[in-house]
Amino acid sequence: MENGGVQSVERIFSLIEVLCAHPKGASLQTISAQAGLAKSTAHRLLASLVTLGYAVQDAYTSHYRLTMKMFELSSGIINDMDIMAVAKPHLDKLSRRTGQAVHLVIQDGVDVVYIYKAEAEEDSAGVHMTSHVGLRIPMYCTGVGKAILATQSYGEAERVWHKSRIRAITNRTITDFSAFVEELKRVRMTGYAVDDEENEPGIRCVALAVPGMNGRAEAAFSISGYAAQMTAERLESLARIGLAARQDILRDLGWK
């Protein structure tokens, strides 16, 4: 492919990524600015996405948003994942039992990607967490990321750390590798990880890896809630419930 073709593909995907961040739609000005493209270029590429059925322009606001056709492309991959099909009913039950939001993620390089979210009923009347299906976040600053890395080798954890852009997302984020290694040791001992407002202020969670038959995990789930409600006692209680749910998932996967 010639350079011009590569550049067009890069620009199309930059637009798609911006649109993913604005599920309710965004203006041409916002999209072009966030994608780093001239308005004329963004308008031309958006028109192509609309023509192909991957985006739609609202007749009243003129905002653009992605259509379900884009979701259908990714759902074909997700539907083929045993972990998704097997874990979903258990995670729904876990959310109902605990009254907390429950997330399922898979590892993708040095990040985790949210592939399922069971929304807590109690959140419907309050402020929603920023998490959503399709969200990509670094492994080093998340409970689910730490839970997954705790099942992998020291070398793999070191690789992920050094390939990540380490920064203090909150004042609780671990930014020292030695401290991070010690945290992974604690996760191995207890069987679960804790995100103590390390990725999102005001949010704590318990996270558990879902290992394969060889003991190595590339997926994990978390039980999340507002920090004020997630006391040490509450976290321990949720961890016990989560460990039981993981056993049920592994049983249904035929791995335990």
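Six strands form an open sheet in the order β5-β4-β3-β8-β7-β6, with antiparallel pairing. At its edges stand β5 (136-138) and β6, each with a single partner strand, so one side of each has no neighbour in the sheet. Neighbouring strands are turned by 30 degrees against each other on average, direction ignored. The model is predicted.

## The chain as a whole

The protein chain holds nine helices and eight strands. Of its 256 residues, 47% are buried. The chain exposes about 13500 Å², and carbon and sulfur atoms supply 53% of that area.

Strands of a sheet pair through backbone hydrogen bonds, either parallel or antiparallel.

| Strand pair | Sense | Bridges |
|---|---|---|
| β3 and β8 | antiparallel | six bridges |
| β7 and β8 | antiparallel | eight bridges |
| β6 (193-196) and β7 | antiparallel | four bridges |

Start with β8. Eight of its 10 residues are buried, so the rest of the structure largely encloses this strand. Which residue of β8 stands opposite Val 105? It is Ala 220. Ala 209 also stands opposite Ala 220 in β8. Further along, Ala 207 has Ser 222 of β8 as its bridge partner.

The hairpin of β7 and β8 has five residues between the strands. Gly 215 takes a positive phi near 90 degrees in this hairpin.

Now move to β6 and β7. Val 194 stands opposite Val 206 in β7. Six residues lie between the strands of this hairpin, where Glu 197 takes a positive phi near 60 degrees.

A helix covers part of the sheet. α9 lies across β6, β7 and β8. Its angle to β7 is about 25 degrees.

In soluble globular proteins, nonpolar side chains tend to be buried together. Here the largest nonpolar core has 29 residues. Those with the most contacts inside it are Ile 83, Leu 91, Leu 94, Leu 104, Phe 221 and Ile 249. Two or more residues come from each of α5 (82-98), β3 (101-108), β4 (111-118), β7 (203-211), β8 (217-226) and α9 (232-253). Which element gives the most to this core? α9 does, with eight residues.

Ile 249 shows how the pieces meet. Leaving aside neighbours within four places in sequence, Ile 249 is in contact with Ile 83, Val 86, Ala 87, His 90, Leu 91, Val 210 and Phe 221. A second, separate core has 27 residues. Val 110, Tyr 140, Val 160 and Val 187 are among them.

## A buried lysine

Lys 146 sits in helix α6 (residues 143-149). Is Lys 146 buried or exposed? Its relative accessibility is 0%, so Lys 146 counts as buried. The residues it touches, not counting those up to four places away in sequence, are Met 139, Tyr 140, Phe 180, Glu 183, Leu 184, Val 187, Ala 193, Val 194 and Glu 198. Val 194 is the residue opposite Val 206.

Lys 146 can also be placed relative to Ala 220. These two residues are 74 apart along the chain, and their C-alpha atoms are separated by 9.5 Å.

## A histidine in a loop

His 22 lies in the loop between α1 (3-20) and α2 (28-35). At 22% relative accessibility, His 22 counts as partly exposed. Beyond its neighbours within four places in sequence, His 22 is in contact with Thr 30 and Gln 34. His 22 and Arg 65 are 43 residues apart in sequence, yet 7.2 Å apart in space, C-alpha to C-alpha.

## Cysteines

Cys 205 is at 6% relative accessibility, so Cys 205 counts as buried.

Note on methods. Residues numbered from 1 in each chain as written. Predicted model: local features only at pLDDT ≥ 70, side-chain atom pairs only at ≥ 80, totals over all residues. Heavy atoms only, no water. Core = buried A, V, L, I, M, F, W, Y, C linked by side-chain atoms within 4.5 Å. Buried < 20%, exposed > 50% of the residue type's maximum accessible area, 1.4 Å probe, protein only. Contact = heavy atoms within 4.5 Å. Areas by Shrake-Rupley, 256 points an atom, 1.4 Å probe, with all protein chains shown as cover. Pairing = 2+ DSSP bridges. Axes fitted to C-alpha atoms, helices over the stretch in contact; angles between N-to-C directions.
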